[in-house]
Amino acid sequence: MKGFAMIAPNQVGWIEKERPTCGPLDAIVRPLAVAPCTSDIHTVYEGALGDRFNMILGHEGVGEVVEVGSLVKDFKPGDRVLVPAITPDWGAVESQAGYSVHSGGMLAGWKFSNFKDGVFGEFFHVNEADANLALLPEGMDLASAVMLADMIPTGFHGVELADVQFGDKVCVIGIGPVGLMAVAGAALRGASDLYAVGSRKICADVAREYGATEIIDYHNGDIAEQVLALTGGKGVDKVVIAGGTSEETFAQAVKMVKAGGRIGNVNYLGSGDVIIPRVEWGCGMGHKTIAGGLMYGGRLRMEKLASLITSGRLDPSKMITHTFHGFEYIEEALMLMKNKPRDLIKPVVIL
Ligand code: NDP
Ligand code: ZN
């Protein structure tokens, strides 16, 4: 079968591979729609995960089941399915401890385009199909459904990590698709003032639609200073980091969050080291919590998040700025994620 792959660090292209085989608990799925992710760019061009060779890329997809293992109970060939980017081993001790995303080792629940071939192939393999797949809800458009693989669960997880509560003042740093879903999630969770940091106008406009009350452009000076100015020097209760740099952004987040506040990071730190400013962190005693996490996957999570779309509470399609039709456009879509033109939020490829 054909797949679009990371051939080596800094090199992508089409390759031929054996079609994956199906274990007793697994499924083989044919993608119906896929999307490239900023994480694919960190993986290929920043060496963030280390060297990978001839690994099919992509972890955001919706598909049709073509084969299931003998022990799979709830799915059959022909079912159209939501596929989370994170597909844990549910029996692992880490899963029993509540951290399924780290089943088998840190970040090991992230298998597609990390430890095994991803969804940019003619077929892909899903482990533990009953636990990791969810049925595509009737009538849901494929482009919105692809946002359930990663953008929605990741942005929402940033909100969970920051523990946004009713009436919190919140700053979301970065309003690419992940940050936009954090804005939407924070609004759903009851944020009051909701500051969103970014500079692409198209992202700022959509951030407002999702509930941002103020847009902060990081080109106009230190964002912590801007947030402090807007809050009368008090800062915000919660910060979600969904963009920016390791060195600069954490320092700003620590500076802008109140004592006792929480910072939830979902940004994939491709390079550099995190710097926590000593004084702004209360000389180590400020009760300013920093939590970072990979999104949660699995069937229940997919079904619950999908219900936000079917109930009309969340419309992820506002983020889709580029729609391609055909497998051959995966490369072009990925290059958009690399180059981030000003009119881009998120591309989708319908197959
Ligand atoms: P984008 O590149 O589309 O968005 C990044 C955002 O950060 C943009 O709004 C950008 O502004 C803003 N930004 C850039 N530089 C700065 C800066 N110096 N200070 C403040 N803001 C800045 O990324 P995505 O939304 O696609 O992804 C966000 C991150 O989430 C990525 O690192 C991705 O790999 C990661 N991710 C993490 C996952 C997880 O499970 N934890 C899963 C999926 C993705 P501008 O408007 O100027 O472009
Ligand atoms: Zn992704």
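Buried means under 20% relative accessible area, exposed means over 50%, and partly exposed lies in between, with a 1.4 Å probe and protein chains only as cover.

Before moving on, some ground rules. This is a predicted model, where local features need pLDDT of at least 70, side-chain atom pairs count only at pLDDT 80 or more, and totals for chains, interfaces and linings use all residues. Residues are numbered from 1 along each chain as its sequence is written, chains are lettered from A and ligands numbered from 1 in the order in which they are written, and side-chain values use heavy atoms, with hydrogens and water left out.

**Stop 1**

Helices (H or I, at least four residues) and strands (E, at least two) are DSSP runs, numbered from the N terminus. Check the backbone: L107 is not a glycine, yet has a positive phi of about 70°. Now select E128, in the loop between β7 and α3. E128 has a positive phi too, about 45°, and is not a glycine either.

**Stop 2: N127**

Step back to N127. This residue lies in the loop between β7 (124–126) and α3 (129–132). Is N127 buried or exposed? It counts as buried, because its relative accessibility is 7%.

Show its polar contacts. A polar contact is a pair of N or O atoms within 3.5 Å; within protein, one must be able to donate a hydrogen and the other to accept it, and residues adjacent in sequence count only if both atoms are side-chain atoms. A polar side-chain atom of N127 lies 3.0 Å from the backbone oxygen of T87. The N127 side chain also reaches the backbone oxygen of P88, at 3.1 Å.

**Stop 3: the zinc ion**

Select ligand 2, the zinc ion. Which protein donors does it have? They are C37 (SG), H59 (NE2), E60 (OE) and D150 (OD), at 1.7 to 2.5 Å from the ion. Donors here are N, O and S atoms within 2.8 Å of the metal (3.2 Å for Na, K and Ca); water is not among the atoms, so sites may look incomplete.

Look at the geometry. The arrangement is irregular because the 4 donor atoms subtend angles of 86 to 138° at the zinc ion. Four donors count as tetrahedral if all angles lie between 85 and 135 degrees; four count as square planar and six as octahedral if opposite donors are over 155 degrees apart and all others between 65 and 115; anything else is irregular.

Along the sequence, the donor residues follow the spacing C-x21-H-E-x89-D. C37 and D150 link distant parts of the chain, 113 residues apart. C37 is in the loop between β3 (27–35) and α1, and D150 is in the loop between α4 (142–147) and α5 (151–162). C37 is buried, because its relative accessible area is 4%. D150 is buried as well, at 7%.

**Stop 4: ligand 1**

Of the 28 residues around it, T38, S199, Y218, N267 and K340 come nearest. A residue is near a molecule or strand if one of its heavy atoms lies within 4 Å of it. The shell divides into 12 nonpolar, 12 polar and 4 charged residues. Ala, Val, Leu, Ile, Met, Phe, Trp, Tyr, Cys and Pro count as nonpolar, Asp, Glu, Lys and Arg as charged, and the others, Gly among them, as polar.

Colour two helices: α1 (38–45) and α6 (177–188) each supply at least two shell residues. Which element gives the most? That is α1, with 3 residues.

Now follow the oxygen atoms of ligand 1. One is 2.9 Å from a polar side-chain atom of S39. An oxygen atom is 2.8 Å from a polar backbone atom of I175. A backbone N or O atom of V178 lies 3.0 Å from an oxygen atom of the ligand. Taken alone, ligand 1 exposes 940 Å², and the protein buries 89% of that. Accessible areas come from the Shrake-Rupley method with a 1.4 Å probe; for residues, only the protein chains shown count as cover.

**Stop 5**

Select F120, in the loop between α2 (93–96) and β7. F120 is buried, at 1% relative accessible area. Its C-alpha is 9.7 Å from that of R30, 90 residues away in sequence.

Go to Y195 in strand β10 (194–197). Y195 counts as buried, at 4%.

Finish at I241 in strand β12 (236–241). I241 is buried, with a relative accessible area of 0%. I241 and V197 are 44 residues apart in sequence and 9.6 Å apart in space, C-alpha to C-alpha.
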